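Dear colleague,

I am passing on the structure below, together with some notes on what I found in it. Please read the notes with the coordinates open beside them.

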Amino acid sequence: MRFLCSLDSRISGSTVRVSTWLTMRLVGFAFVMAIAHGQVRYSIPEEMNKGSFVGNIVQDLGLDVKRLKAGRSRIFTEDSREYIGLNVDKGTLVVRERIDREELCAQVSPCSIHFQIILENPVELHRIDAEILDINDHAPAFVRKEISVEIAESVASGARFSLDSAHDPDVGLNTLQRYTLNPTDYFTLKELSRSDGTKYVEMVLKTPLDREEQEQHNLILTAFDGGTPQKSGTVKITVTVLDANDNSPVFSQPIYRVSLSENIPRDSLVVTVSATDKDKGSNSEIAYSFSQSTGIEAMDLFTIDSDNGKITVKGVLDFEKSKQYELNVEAVDKGGQADTSKVFIEIIDVNDNYPVISVISFSNAIPEDSVPDSVISILNIKDTDSGKNGQIKCSMNSDLPFRIKLTSSNFYTLVTDRILDREMISEYNITITATDEGSPSLSTNKTLMLKISDVNDNAPVFQRHSYTAYVMENNSPGVFIFAVTATDRDSGNNARISYFLEDLSVNGVSASSYISVNAESGEILAIRSFDFEQTKEFNIRVKAQDGGNPPLSSNVSVKIIIQDQNDNAPQILYPVQTGGSVVAEMVPRSADVGYLVTKVVAVDVDSGQNAWLSYKLLKATDRALFEVGLQNGEIRTVRQVTDKDAVKQKLTVVVEDNGQPSRSATVNVNVVVADTFPEVLSEFTDSTHEKEYNDNLTFYLVLALAVVSFLFIVSIIAILSVKCYRWRRERMFYKSGANLPVIPYYPPLYADVGGTGTLQHMYNYEAYRTTDSRKSDLKYSRPPTESIISLDSSGAQTLTLAQSMKTYDDSDQVRFITEIDVHISFLLFI
Ligand SMILES: *[C@@H]1O[C@H](CO)[C@@H](O)[C@H](O)[C@H]1NC(C)=O
Ligand SMILES: *[C@@H]1O[C@H](CO)[C@@H](O)[C@H](O)[C@H]1NC(C)=O
């Protein structure tokens, strides 16, 4: 319809009226006829389908269809290409070939094709112009589908980049009109015209590019034509941003903090520092290093791997040397851009140091009398670790009389805790242990050897409270008697003991005249020879004194007992042996068997066995008539006296003591066997000794008369006493005689006597107690000691008896009394 309209408008100047399509065809034909001498112009769009109606020439030229047929009408083209054909039957022009305006005219506009319609008979030429109208049958198109542009990121804004132009073969509005570019963040599009009027586009950088932000930008350039409908063509623009070293490396942290134990082994990883560089390629290759500002000490201890930033331990860390390190690290890219960071390394203390005990002062010997709290040593105890690892507890082996005091930090004082006693413990090993509180804790020991020096606090001590020593009488002067020993628990000079004799008096004489004591050895020596019969025992005191200052001493009493030797022979008291006089015992002829003729009385001043006397008949006129009591010396008849027996009998009795060797004495006893005194006298007158006897008799008679009156009263008392004495002696004699076989039962008592001698000694000792000499023994027992009293019951009896007889404690007196007795009996005999 539009074509028709346009046709209508174009031919409006003609006379042809077109009312309907059908009528128009007719009219057109007529019109063409009518303008046979003119030109007919048609306008047709390009690209019409074949057979499409172009115009009705019958009408437009005013020709008849018959004429067409008759005139053998045909179309003539100069180039012989027939785009439009003639339908002779209908008298219309139709599209015979595809008409492409762009092919026919390219950019020339308007575009027309010309041809002639030739008729014959008559020849008629009609020129037909057909203007080919453009239709928007082409979109703008780019040659390349994709455009790649590489732009360095360093390029400044305002830079221009030319782009391909699009092409649209259409003309007029249908051809290329404008471009657009999307997106427009970084680039804008600028359309420019060249001097020849052709247009081209450029891309202008609006915002600087950053490869690190976006490495590739994808843009679409679109070209639009002005047709209806509008057509467009696009091209993809890929902008690749080329890297520039515009970024420095950046560490992942401005400061790295690490804690390390001081005992970390070598080559351990400390930390990995890392820096990133947003650039690409070699611009992002980073080398790590310690910067020069890092201390030399730290450089020696740590190392950094320049490729991967690993920091490792190179040396030996020691918390006690440095508690922290600061490493300045640097990351440099190939372009020389750098960043720095710090690594703070804190060293954690490990309990790797033992406490150290140093002795500042030490007195390695202190006197035993030091007061408690006396300072022995000052110690400095340190642990270089810190915190708990460096806190020290100080202790000492227990049970020692010492104490450790903390005086000030790290300083300890070792003091005494109690009074010391060198004599108990003379040295101490004091082990001081310092333990830190780390986990596990470490400890150190220190042993101090402390000597306790001696103070003279102990006196010498004798082994016994008293000593008893024995010495034989008749000893040679200077003989060793005994040695006393004292000990002193102190040491050195304080224990060096000297012995001294205390100058007591013994029997009124200074002890030093009897005894001397060796100061060094404590040996007791006799100075003189002792006589048992004079002194039986005495006491001395020996003092032991040490060498301390002041010295200490103690004393001990030593009883020295002089032991008897058989140095005295028995002495015969009765019958008295006088020079010329004859003493005779009278035996009546009527005497029975066992008649007591007389008794031989003897004493021995020795004691014990040495004084134990036995009597034997040595010689006799008639051995068969008399016998002598072995122990008691009694002479008795053994058979009935007969008339045949001689009047005068002479007996010799030997008295022996029991000493070794034994000593003896002999006595002659005259016995007269007669019933009357004259008988006796006659017998004695015959004797060879008669004259001597008479002289003696005269002397005795005078003497007797002289003394009889003087001693008469004394005699009365004496007789009584002697009777008493005799009674006792006999009793004891009997007893001792009776007891003799029993003596072996005595020994249990001997130990009490305290003798250190042999059994023989003890036996002797006991024996003499049972004899006469008992008295003289008692004489020296002053005052009687407990031990003597408790000897035995007989001893006790003896004692009481002895006390009652104190007035007769002299054996001489006894002898005297016995003599008196003899004389009185002689007088009576006369
Ligand atoms: C102290 O130690 C020393 C040396 O180890 C040793 O000879 C001595 O007997 C010890 N003394 C004591 C009282 O333990
Ligand atoms: C002997 O020692 C005692 C103490 O044991 C003392 O009382 C006495 O005085 C001392 N005698 C002498 C003579 O030193």
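This is a predicted model: local features need pLDDT of at least 70, side-chain atom pairs count only at pLDDT 80 or more; totals for chains, interfaces and linings use all residues.

If neighbours within four places in sequence are set aside, isoleucine 311 is in contact with Ser268, Leu269, Val270, Val271, Val273, Phe290, Phe302, Thr303, Ile304, Leu327, Val329 and Val343.

**The ligand**

Around ligand 1 lie Glu427, Asn429 and Met449. An N or O atom in the side chain of glutamate 427 is 3.2 Å from a nitrogen atom of the ligand, while an N or O atom in the side chain of asparagine 429 is 2.3 Å from one of the oxygen atoms of ligand 1. Ligand 1 exposes 360 Å² when taken alone, of which the protein buries 33%.

**The disulfide**

The count comes to 1 disulfide under the distance rule, which takes sulfur atoms within 2.5 Å. This disulfide joins cysteine 105 to cysteine 111, with an S to S distance of 1.4 Å. The link of cysteine 105 and cysteine 111 is right-handed, with 65° about the S-S bond, and both cysteine 105 and cysteine 111 are buried.

Notes
Residues are numbered from 1 along each chain as its sequence is written. Chains are lettered from A and ligands numbered from 1 in the order in which they are written. Side-chain values use heavy atoms; hydrogens and water are left out. Contact means heavy atoms within 4.5 Å. A residue is near a molecule or strand if one of its heavy atoms lies within 4 Å of it. A polar contact is a pair of N or O atoms within 3.5 Å; within protein, one must be able to donate a hydrogen and the other to accept it, and residues adjacent in sequence count only if both atoms are side-chain atoms. Accessible areas come from the Shrake-Rupley method with a 1.4 Å probe; for residues, only the protein chains shown count as cover. Buried means under 20% relative accessible area, exposed over 50%, partly exposed in between (1.4 Å probe, protein chains only).
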